[in-house]
Amino acid sequence: MMAVFVLIHGGGSTAWDWHLVAPLLETAGHGVVAVDLPIEDAGAGLEDYTRAAMDAVGAARHTIVVGHSLGGFTAPLVCEALHSDGLVYLSAMIPMPGETFGDWWTNTGHDRENIPEEPYFNLVTAELAQQATDRGRDQQGAWMSDPWPGKHPDVPTLGILCRDDLFFPPEFMKRQIRDRLGTEPVEIPGGHYAPLSNPDAVAAALIDFAGQTASGNHTA
């Protein structure tokens, strides 16, 4: 059974972030829907983000939702709404029910991490980093001050950490995944923008997860 991957970008980004990963998933026989969220609309809430994803997916079935970075706040809601077969946090924020965006940083201990001034595009080529920057959008949203309205869906769930991530360092991500999902992370090479710096590793981890999910071998 082939999956349809619903790819949710991070803060200030676009669906373009996935343009190197998508063809690798498609070559493996999977479907791909990369979503552009209405992040520049200050009045748009997470329910609007979820609706945008649902509209993009349409009638597709056997979906697996993947959230990158800030997309971790949206991906579980989309997963629930679509009755998806699986959920993936890729170097992503993993919120807890009732937690605000602002509280997440202190609750997880990220505010105590030593983060360099430019932590996002390490290992991304200068050309791709510039293209990503040129496509950057102004992340808005009063929803960031509101309690997160979701929960962790009862589906196979994978947390992926990137070993070269400077923004969500490996040990930080390992703690977050263990504490909040109760699972061990899958580790891949690449920085925070692994979809741009190491799309092969991202695609391989997603394809493997889809195979485990379809066979029932994955434990959430």
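This report describes the sheet, the helices packed on it, the aromatic pairs and the salt bridges of one predicted model.

The model is predicted, and local features are taken only at pLDDT of at least 70, side-chain atom pairs only at pLDDT 80 or more, while totals for chains, interfaces and linings use all residues. Residues are numbered from 1 along each chain as its sequence is written, and side-chain values use heavy atoms, with hydrogens and water left out.

## The sheet and its helices

Helices (H or I, at least four residues) and strands (E, at least two) are DSSP runs, numbered from the N terminus. In this structure 6 strands form an open sheet with parallel pairing, in the order 2-1-3-4-5-6, where two strands pair if DSSP finds at least two bridges between them. Strand 2 (31-35) and strand 6 are the edge strands, each pairing on one side only. On average, neighbouring strands of this sheet are turned by 20° against each other, direction ignored; axes here are lines fitted to C-alpha atoms, for helices over the stretch in contact, and angles run from 0 to 180 degrees between N-to-C directions.

Strands of a sheet pair through backbone hydrogen bonds, either parallel or antiparallel.

| Strands | Bridges | A bridge partner pair |
|---|---|---|
| Strand 1 (residues 4-8) and strand 2 | 5 bridges | Phe5 and Val32 |
| Strand 3 and strand 4 | 6 bridges | Gly67 and Tyr89 |
| Strand 4 and strand 5 (residues 157-162) | 4 bridges | Val88 and Leu158 |

Helix 2 (residues 46-57) packs on the sheet, where it touches strand 1, strand 2 and strand 3 (63-69), and its direction makes about 145° with that of strand 2; contact means heavy atoms within 4.5 Å. Helix 3 (residues 75-82) lies across strand 1, strand 3 and strand 4, and runs at about 170° to strand 3. Strand 3, helix 3 and strand 4 together make a right-handed β-α-β unit, a crossover being right-handed if, with the strands pointing away from the viewer, the path from the first strand over the helix to the second runs clockwise.

Strand 4 is mostly covered, as 7 of its 7 residues are buried, where buried means under 20% relative accessible area, exposed over 50%, and partly exposed in between (1.4 Å probe, protein chains only). Most residues other than glycine have a negative phi. Ser91, which lies in strand 4, has a positive phi of about 45° although it is not a glycine, and at 0% relative accessibility Ser91 counts as buried. Ser69, in strand 3, likewise has a positive phi, of about 55°, and counts as buried at 10% relative accessibility.

## Aromatic rings

The structure holds 14 aromatic pairs; rings of Phe, Tyr and Trp (its six-membered ring) pair if their centres lie within 6.5 Å, and planes under 30 degrees apart count as stacked, over 60 as edge-to-face and the rest as tilted. The pair of Trp104 and Trp105 is edge-to-face, because the ring centres are 4.8 Å apart and the planes stand at 90°. Trp104 is buried, with a relative accessible area of 0%. Phe168 and Phe172 form a tilted pair, at 5.8 Å centre to centre and 45° between the planes, and both of these residues are buried. One aromatic cluster includes Trp104, Trp105, Phe168 and Phe172, along with Tyr49, Phe73, Phe101, Tyr120, Trp143, Trp148 and Phe167.

## Salt bridges

A salt bridge is a side-chain nitrogen of Lys or Arg within 4 Å of a carboxyl oxygen of Asp or Glu, and by this rule the count comes to 9 salt bridges. In one of them the side chains of Arg180 and Glu99 meet at 2.6 Å, N to O. Arg180 lies in helix 6 (residues 170-181) and Glu99 in the loop between strand 4 (86-92) and helix 4 (101-107), so the pair ties together parts that are 81 residues apart in sequence. Both Arg180 and Glu99 are buried.

Lys174, which is buried with a relative accessible area of 16%, takes part in a salt bridge with Glu171, the closest N and O atoms being 3.5 Å apart. Glu171 and Lys174 both lie in helix 6, 3 residues apart, which is about one turn of the helix. Lys174 also meets Glu187 in a salt bridge at 3.6 Å, N to O, and this pair links distant parts of the chain, with Glu187 in strand 6 (residues 186-188) and Lys174 in helix 6, 13 residues apart. Glu187 counts as partly exposed at 35% relative accessibility. Elsewhere, a network of salt bridges links Asp36, Glu40 and Arg137.
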